[in-house]
Amino acid sequence: QVQLVESGGGLVQAGGSLRLSCIVSGTNSGARAMAWYRQTPGKQRELVASITSGGNTNYADSVKGRFAISRDNAKSTVYLQMNSLKPEDTAVYYCNRPYITWQWGQGTQVTVSS
């Protein structure tokens, strides 16, 4: 059974940075594309960044140029470096596969104050 454990969220001022981590267990995550999503109350979960097994990345327009997704296959970990954070980035952040998802982890809360 695949388990996803996200961490690294917190409270940060606008313009600040955070680095999120996601440890993937129960599967060979290095062979799979992975993604970061975010969700705010009352809204659908939004895919914000994805990375293929070969390292190609893709980003939502709202985070392009500010966020960077990366992976360390030896550690079965996927990262999301978030820079120049804005209050509208406030959300619970989750990692999972792009589109065809496993069971969701608990997520990590990111709060950006203005």
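I began with strand 4 (residues 34-39) and strand 5 (residues 46-51), which pair in the antiparallel sense over five bridges. For my own bookkeeping, strands are DSSP runs of E with at least two residues, numbered from the N terminus, and two of them pair if DSSP finds at least two bridges between them. This is a predicted model, so I kept to its rules: local features need pLDDT of at least 70, side-chain atom pairs count only at pLDDT 80 or more, and totals for chains, interfaces and linings use all residues. Residues are numbered from 1 along each chain as its sequence is written, and side-chain values use heavy atoms, with hydrogens and water left out.

Next I looked up the partner of Tyr-37, and found Leu-47 in strand 5. Strand 4 and strand 5 make a hairpin with six residues between them. In that turn, Gly-42 has a positive phi of about 80 degrees.

I then followed strand 5 onward. Strand 6 (residues 57-59) runs antiparallel to strand 5, and three bridges join the two. Ala-49 stands opposite Tyr-59 there. This is a hairpin as well, with five residues between the strands, and Gly-55 in the turn has a positive phi of about 100 degrees.

Rings came next. I paired rings of Phe, Tyr and Trp (its six-membered ring) when their centres lie within 6.5 Å, calling planes under 30 degrees apart stacked, over 60 edge-to-face and the rest tilted. How many aromatic pairs does this rule give? The count comes to two.

For Tyr-37 and Trp-104, the centres are 4.9 Å apart and the planes stand at 85 degrees, so I logged the pair as edge-to-face. Tyr-37 belongs to strand 4 and Trp-104 to the loop between strand 9 (91-96) and strand 10 (108-113), so this pair ties together parts that are 67 residues apart in sequence.

Are these two residues buried or exposed? My scale was relative accessible area: buried under 20%, exposed over 50%, partly exposed in between, with a 1.4 Å probe and protein chains only. Tyr-37 is buried at 6%, while Trp-104 is partly exposed at 27%.

The rings of Tyr-94 and Trp-104 have centres 5.7 Å apart and planes at 75 degrees, so that pair is edge-to-face too. Tyr-94 sits in strand 9, 10 residues away from Trp-104. Tyr-94 counts as buried, at 11% relative accessibility. I could therefore write down Tyr-37, Tyr-94 and Trp-104 as one cluster linked by ring pairs.

I also checked for charges over these rings (NZ of Lys or CZ of Arg within 6 Å of the ring centre and within 35 degrees of the ring normal). Arg-45 turned up over Tyr-94, with its charged end 4.2 Å from the ring centre. Arg-45 also lies over the face of Trp-104, at 3.8 Å from the ring centre.

My last stop was Gly-30, in the loop between strand 3 and strand 4. Gly-30 is buried, at 15% relative accessible area. Leaving out residues up to four places away in sequence, Gly-30 touches Ser-53, Arg-71 and Asn-73 (contact means heavy atoms within 4.5 Å).

Technical notes:
Helix = DSSP H or I, 4+ residues; strand = E, 2+ residues; numbered from the N terminus.
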